[in-house]
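This report examines the helices, charged pairs and aromatic rings of one protein model. The sequence and the structure are shown first.

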Amino acid sequence: TRETIYQPSMFEAFDPAKKDFRARDKALSNIGHERGLTATLNTWAKSDIPDAADRCYELLHFLKTEYIGHLSANAFLYTVVCKAFVMRSQPARAQAVLGEYLEDELADPPVAPLIHSVMNCWVKSRPSEATKQCRRLLNQMKMLAATTGKEEHGPTVVSYSIFINALAKQGRAREAEEQLRVMMEEGIVPNVVTFSAVVNAWAKSNDPEATVHCRHLVSEMQKLAKQEEDPSLGPNAVTYNTLLDAFSRRGQGVEAEEVLNEMIEAGFVPSQLSFGSVMAAWDKSKTADAPERCWQIMEQMVKMQKETGSKDLVPNCKTYNMILHSLARRGRVQEVEEMLQEMLRAGTIPNVITFNTVMHAWVMSGSKDAPQRCKQLLTEMEQLVERTGRKDLTPDVTSYSTVVAAYTRRGMAAEAESVLRKLEQRGMKPDLISYSTVMNAWAKSDADDGAERCYKLLLEMKRKAAENGRNNVRPDLITYVIAMQAFADRGNVREAEKVFLEMLRDQIEPRMENIMSLCRAYARFEETDAAVRCQLLLTQMKDLADKTGNEKVRPSVIHYNSVIRTFATARTAQEAESLLRHMIQQGLQPSGKTYRIVMNANAKAGPHGSPERCLQLWEEMRKAGLDDGQNVLTYNIMIHAYVNHGRQSEAENLVREMAKTDVAPDVVTFSTLLKGLAKSTVENGPEKCRQFLSEMKQLAEEGNRPEIMPTLHTYNTVLGAFGKRGRTKEAKAIFEEMKSHGVQPDTISYTWLLTAYCNSENDDAHLTCKTLLAEMKELAEEKNLKELQLDSQVYRLAIEAVARRGLPHEAEDLLKDMQDEGVEPTTSIFTTVIDSWAKSNETDAMNHCLRLLEEMKRLSAGKSGSELIPTSMTHNFVLDGFANRGQAREAEEYFTDMLADGIAPDLRHFAVVMKAWEKSGDKEASTRCKHLFLAAQKVRIEDDTYNRDSIMGYMQNLV
């Protein structure tokens, strides 16, 4: 204070606002020597007077510039003035004084401690600027040491430790460790503080390798301590606790526990913090037995407490809460309850967090009793307060909100609201979360008036916010959206719209998804005038912006584009275009993107859209100056329109036009065109695919456009064009070409090549298919290519190729090979093999057919929704096998078994059994045929595959 400082009159003389040089000169004449002056300034610097540092500087500056006498500005004065600014957390002023000190070359005594105080001042008062300024001061120390030749002026372990700590506080762990390496290269041995600062930096960073760096640094400390024969350089309790924190933050319980044991072995007694960090690590881990590990850690702490007598190690409420939280996170609600009782038995009084944790465990559990138990715990808390008088156990807003959440999660909206009312009766004020939770309960409930109850709570929140100025209950965006969605989900779109407009009037800026949500509701529930309602909504938003001046609610091109896209996707191209017209009427200029959205809707609209309409919109774009004919996106939409409507030649002509107008086609252009050609029935479609593939490569190479180089998808499209037509030679050529260009074929590539061989008339096609299968298998194993896995589709094609050539043994070998590889066969594959046996000349063929049917039943047994259920076609092939061999009785026996198993026959089954009798030559054949014919007429058969009249005529002829 002014009463305790030395030379108060001189203090007044050096008021920065008064420049009375005579008074200052006179005041200094009373000081006999420089040591007295330093002592005087020291009392000024340490005083509580706000401008004392400025007065110290005024005196220093006066000595340097105006005073002629027996006193001078020496190193000690500079030090006092500099520290005066440091004490007042003014690092910039302190650094300025330090700069003057160094310029006057008064570096005696050593300047390092003074620089350290300035560096620390930056770290503590302005951490955002600290790293830059500390680096500058560190470099200044290096230059000072070099120019003076005095090492004591250079950076020390303290200098680097401060700089490293500044980096650590900014989360710049990598830079902190780099500075550690720099100091070590300069021959400065880091101490435990330096290392611990770097470990702390890594512990708090988001680097995935952080714990590895922490571990490495601690090991380095241990080696350095051994090397220098100085135990103080090794990790201490702080270092170990920092390392524990690193593992704790990342939920690495095993590693944290290892560090704890290492700490104990090193002779350090862990604190409650140490044990708590390990428990927190287990709690955050995904380990199922984490609660048990937390309990073991607590037992270890209790044991150590008994051995050391440390009161710090007595388990407290926080310790038990950690175990409770660990159990709660894993949904072990009954054990949470048991732990609460254990806590009480141990004499540890629970706190509000304890009860809230137990209630939260019930909320997160799937128990239907959760709300009742939460309410009971709330009552227990209230009774405990009355019994013990401990006000700190009074349920807080979180306690009541947790009970509300318990009811909400189980759709008990009325009960959730009753708890909210009880909270108010207890004199507490529900917050935004409490209200929003109850609103959400009503919104998601089955109550007919759920939306109305939801909205009523919203109005209540607004009223309380207005009356009491309570911002923590003022409805926010989420609150309004809950109410709006409550109406929208119930099909009451008009009320949802009202809530939305109210939100806008309250100047709460909607997000794009809110507008989209309302538009989706229009599209879903407004059958006829959905687009009109959207237009009205957007108009109201514009009017509101004009009236209030709130530009945040004015519909923009982006808003319209989102709405138009919703209608283009969910409804019709015509409605999407109506919104485009409305946008123009409102004075908004559509963007090229707007037009392209509507064009794309027409392109995809099938019979309801047309390429002609797309062309009209394109022309409109050009007139509006939104397309100069050079936009590849527009061309791509037009090409898609032609392709989608089967007008392939016009799509090709448009690609040619692009070349003439210097519009470079992109990968989408070619992909769309190739896809259309591949799917078309045009005879020369595959050749055209190949031609455009060549053009892609040429354009990519000559135009230096690697982005349009044919991709795997492109090659697969062309492969499919040839594959579907069974043109093996061309398909194989494309396959080899893609490999030569460095494109690795995937399962789809092999599937199309197999399709080509399967559909071809080549005698050796089945051999090639088997070779391709083997090649796939070898490549997948050697190169571990996930995109090259043998699936049921490739096996099906190979099996079909073999089966078509009358080789049932080989077909079944492939089936077995498929199963050995872990690929589940489908009904289609089994049916193909059965058909192969049925059509063969093998004497025991039908036994194989029946055996395969039994295998299908065995494999599908116990499998829900199994694909291995014989189809009508499967049974047909078996019956055909008997019929072709004239085995009429076996055919009819099989047919009878089908009926007994509840399999509904189709007319084809009756006809095939009749054919078997007709071919048998059996004397009962005519009788059996007549019987089956009459049965077929009596049984109601839904048959979508065969023409009923023609089959009945065929059976009549058989009779």
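The model is predicted: local features require a pLDDT of at least 70, side-chain atom pairs count only at pLDDT 80 or more, and totals for chains, interfaces and linings use all residues. Residues are numbered from 1 along each chain as its sequence is written, and side-chain values use heavy atoms, with hydrogens and water left out.

## Helix H33

Helices here are DSSP runs (H or I, at least four residues), numbered from the N terminus. Helix H33 comprises 13 residues, 632-644. Its first and last C-alpha atoms are 18 Å apart, close to the 18 Å expected at 1.5 Å a residue; the expected span is 1.5 Å times one less than the number of residues.

Accessibility is classed by relative accessible area: buried under 20%, exposed over 50%, and partly exposed in between (1.4 Å probe, protein chains only). Ten of the 13 residues of H33 are buried, so the helix is largely enclosed by the rest of the structure. The buried residues are Val632, Thr634, Tyr635, Asn636, Ile637, Met638, Ile639, Ala641, Tyr642 and Val643. Their cover includes helices H31 (592-603), H32 (611-623), H34 (648-660) and H35 (667-679), where contact means heavy atoms within 4.5 Å.

Just after the helix, Gly646 adopts a positive phi of about 70°.

Gln7 has a phi near 50°, a positive value in a residue other than glycine. Gln7 belongs to the segment before helix H1 (8-13) and is partly exposed, with a relative accessible area of 28%. Asn704 likewise has a positive phi, near 50°, and is not a glycine. Asn704 is located in the loop between helix H36 (685-702) and helix H37 (712-724), and is exposed at a relative accessible area of 66%.

## Salt bridges

Side chains of opposite charge can pair when their charged atoms come close. A salt bridge is defined as a side-chain nitrogen of Lys or Arg within 4 Å of a carboxyl oxygen of Asp or Glu. By this rule the count comes to 71 salt bridges. The table lists examples.

| Salt bridge | N to O distance |
|---|---|
| Arg293 and Glu257 | 3.5 Å |
| Lys464 and Glu460 | 3.5 Å |
| Glu577 and Arg581 | 3.0 Å |

The side chains of Arg293 and Glu257 meet in a salt bridge. This pair links distant parts of the chain, 36 residues apart, with Arg293 in helix H16 (residues 290-308) and Glu257 in helix H14 (residues 253-265). Arg293 is partly exposed, with a relative accessible area of 23%, whereas Glu257 counts as buried at 15%.

Lys464 and Glu460 are four residues apart in helix H24 (residues 450-468), so about one helical turn separates them. Both Lys464 and Glu460 are buried.

Glu577 and Arg581 also lie four residues apart, about one turn, in helix H30 (residues 573-585). Glu577 is buried, with a relative accessible area of 11%, and Arg581 is partly exposed at 25%. Elsewhere, salt bridges that share partners join Glu417, Arg421, Glu424, Asp449, Arg453, Glu460 and Lys464 into one network.

## Aromatic contacts

Rings of Phe, Tyr and Trp (its six-membered ring) pair if their centres lie within 6.5 Å; planes under 30 degrees apart count as stacked, over 60 as edge-to-face and the rest as tilted. This criterion gives eleven aromatic pairs. Phe21 and Phe62 form a tilted pair, 5.8 Å centre to centre with 35° between the planes. Phe21 lies in helix H2 (residues 21-29) and Phe62 in helix H4 (residues 52-65), so the pair ties together parts 41 residues apart in sequence. Phe21 is partly exposed, with a relative accessible area of 39%, while Phe62 is buried at 4%.

Trp618 and Tyr635 form an edge-to-face pair, 4.9 Å centre to centre and 85° between the planes. Their pairing links helix H32, which holds Trp618, to helix H33, which holds Tyr635, across 17 residues. Trp618 is buried, with a relative accessible area of 2%, and Tyr635 is buried at 1%. Ring pairs also link Phe14, Phe21, Phe62 and Tyr67 into a cluster.

A charge sits over a ring if NZ of Lys or CZ of Arg is within 6 Å of the ring centre and within 35 degrees of the ring normal. The charged end of Arg622 is placed over the ring of Trp618, 4.2 Å from its centre. Arg93 lies over the face of Tyr57, at 5.9 Å from the ring centre.

Terms used: Helices (H or I, at least four residues) and strands (E, at least two) are DSSP runs, numbered from the N terminus.
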